Amino acid sequence: MAFHGSKCCRLIVGRHYDVKALSTQRVKLFVPSSTPKLLRWYSSATQEENELELVSLANSSAAVPATKIATTQELAVPVGQRQRLNEEVLPFSAFLTDNFGRQHSYLRISLTEKCNLRCQYCMPEEGVKLTPRAQLLSTSEVLTLAQLFVREGVEKIRLTGGEPLIRPDVLDIITELRKLEGLKTIAVTTNGMNLVRLLPKLKEAGLDLLNISLDTLVPAKFEFIVRRKGFHKVMEGIDKAIEMGYNPVKVNCVVMRGLNEDELLDFVALTEKKPLEVRFIEYMPFDGNKWNFKKMVSYQEMLDRIRQQWPSLEQLPLGKTDTAKTFKVPGFQGQVGFITSMSDQFCGSCNRLRITADGNLKVCLFGNTEVSLRDVLRSGASDQKLLDIIGAAVGRKKKQHAGMFSISQMKNRPMILIGG
């Protein structure tokens, strides 16, 4: 079936459309030759190149194939009206969409490789060789990359480390991130050691969400796990966050057999009177953390143990891109979650990308392939060049990670050099 019209319209594309044959007017869609691929999403950096044209065939005798067709009413905006489409229609950037349709709207930026603790699962006992300061991302480079990613569709940025709150300019970074139009959520993962002192200013700067790492409720065991003192500082930080209205305050607990799996019920009990979300994290393999399968306590084992104490534990609805399976004991203020990266991976709904403190883009926490955005940025490359490199890296993202046994044999960074 062919459509012979009289007007040329342009479609500003923001997402892949599943274009269906309709019984009404039909038009042919094609992309300018400079556009990398058919039905490329809208990109703010390349608006002109990513416009699809709905072209009149009035002067052509060729019939339009009955595929990839749509009504102008549904998909077209007249040339003279270049207004942005509304939020429901605006498409997601192709550069942040992988070959499996996963849209990466969540960016984790590591601000530093340094930390004031030495957690066993994060840092090798002998320590790590730190990147020279000149090779780390500067404040302006962090903000430049953040702005680019937000412009392409990132809605949530989490600042990590190392320990992000020991970076002197962390308040300035959060203040500037807060100004980015389209960024909905700014989060921080912290060990809590400096939280009581910094939290009022962090909230004023615009911090939305807090994750606090705590692997034990026993002070002596805390010192053993993190190789430093400071248990009471962390507990005071958690209470300060609750006092200042953060709800829920998320508490990250890496569960390791023979070390803290006997405290599962104590952590759940914390959620009775406090608006906490305790997140039990399966022990994951990284360079230097001496991971082995016997140390890992699976999600199902943890859940079974908790249900023995609270049989009425009920599962909460799971969001499309949630990493945690969440549960609640009826009547408790808070809830518990499980990060099941090893025993029940959630790669199919992954929407996360990571930038390391030295400026490398990691598209998968467990992948060992990285690309330096720092070097591209410092070469004076254009936004378009950066986006091409980001898009190529995202396009290479695999369907899922290799599995815990393969990961344990794979060369990767220690967690502290990735960003938690």
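How far is the sulfur of Cys350 from the closest cysteine sulfur, and in which residue is that sulfur? The distance is 6.9 Å, the partner is Cys364, and that is too far for a bond. A disulfide here is a pair of cysteine sulfur atoms within 2.5 Å, and by this rule the count comes to zero.

Before I go on, the ground rules. This is a predicted model, in which local features need pLDDT of at least 70 and side-chain atom pairs count only at pLDDT 80 or more, while totals for chains, interfaces and linings use all residues. Residues are numbered from 1 along each chain as its sequence is written, and side-chain values use heavy atoms, with hydrogens and water left out.

Back to the cysteines. Cys350 has a relative accessible area of 13% and is buried, where buried means under 20% relative accessible area, exposed over 50%, and partly exposed in between, with a 1.4 Å probe and protein chains only. Cys253 is buried as well, with a relative accessible area of 1%.

Next, the aromatic rings. Rings of Phe, Tyr and Trp (for Trp, its six-membered ring) pair if their centres lie within 6.5 Å; planes under 30 degrees apart count as stacked, over 60 as edge-to-face, and the rest as tilted. By this rule the count comes to six aromatic pairs. One of them is Phe267 with Phe280: the ring centres are 6.2 Å apart and the planes stand at 90°, so this pair is edge-to-face. Phe267 belongs to helix α7, residues 264-270, and Phe280 to strand β10, residues 276-282, so the pair ties together parts that are 13 residues apart in sequence. For those names, helices (H or I, at least four residues) and strands (E, at least two) are DSSP runs, numbered from the N terminus. Phe267 is buried at 0% relative accessibility, and Phe280 is buried, also at 0%.

Another edge-to-face pair is Phe327 with Phe338, at 5.6 Å centre to centre and 80° between the planes. Here Phe327 is in strand β12, residues 324-328, and Phe338 is in strand β13, residues 335-339; the two are 11 residues apart, and the pair links distant parts of the chain. Both of these residues are buried. Ring pairs join Phe267, Phe280, Tyr299, Phe327 and Phe338 into a cluster.

Rings also meet charges. A charge sits over a ring if NZ of Lys or CZ of Arg is within 6 Å of the ring centre and within 35 degrees of the ring normal. The charged end of Lys156 is placed over the ring of Tyr106, 4.5 Å from its centre. Lys203 lies over the face of Tyr246, 5.3 Å from the ring centre.

Tyr246 itself is in the loop between α6 and β9. Is Tyr246 buried or exposed? Tyr246 is buried, with a relative accessible area of 5%. Its C-alpha atom is separated by 7.5 Å from that of Leu210, 36 residues away along the chain.

The loop between α6 (231-243) and β9 (249-255) also holds Pro248. The peptide bond from Asn247 to Pro248 is cis, with omega near 0°. Most peptide bonds are trans. A cis bond also joins Gly161 and Gly162, with omega about 25°, and Gly162 is in the loop between β6 and α3.

Strand β6 covers residues 156-160 and includes Thr160. Thr160 is buried at 2% relative accessibility.

Now the helices. Two packed helices are described by the angle between their axes and the distance between the axes. Axes here are lines fitted to C-alpha atoms, for helices over the stretch in contact, and angles run from 0 to 180 degrees between N-to-C directions. The axes of α3 (residues 170-177) and α4 (residues 195-205) come within 8 Å and cross at roughly 20°. The axes of α2 (residues 139-151) and α3 come within 11 Å and cross at roughly 25°. So α2 is roughly parallel to α3.

Last, Gln345, in the loop between β13 and β14 (352-355). Gln345 is partly exposed, at 29% relative accessibility. The C-alpha atoms of Gln345 and Thr323, 22 residues apart along the chain, are separated by 9.1 Å.

Conventions. Angles under 35 degrees count as roughly parallel, over 145 as roughly antiparallel, 65 to 115 as roughly perpendicular and the rest as oblique.
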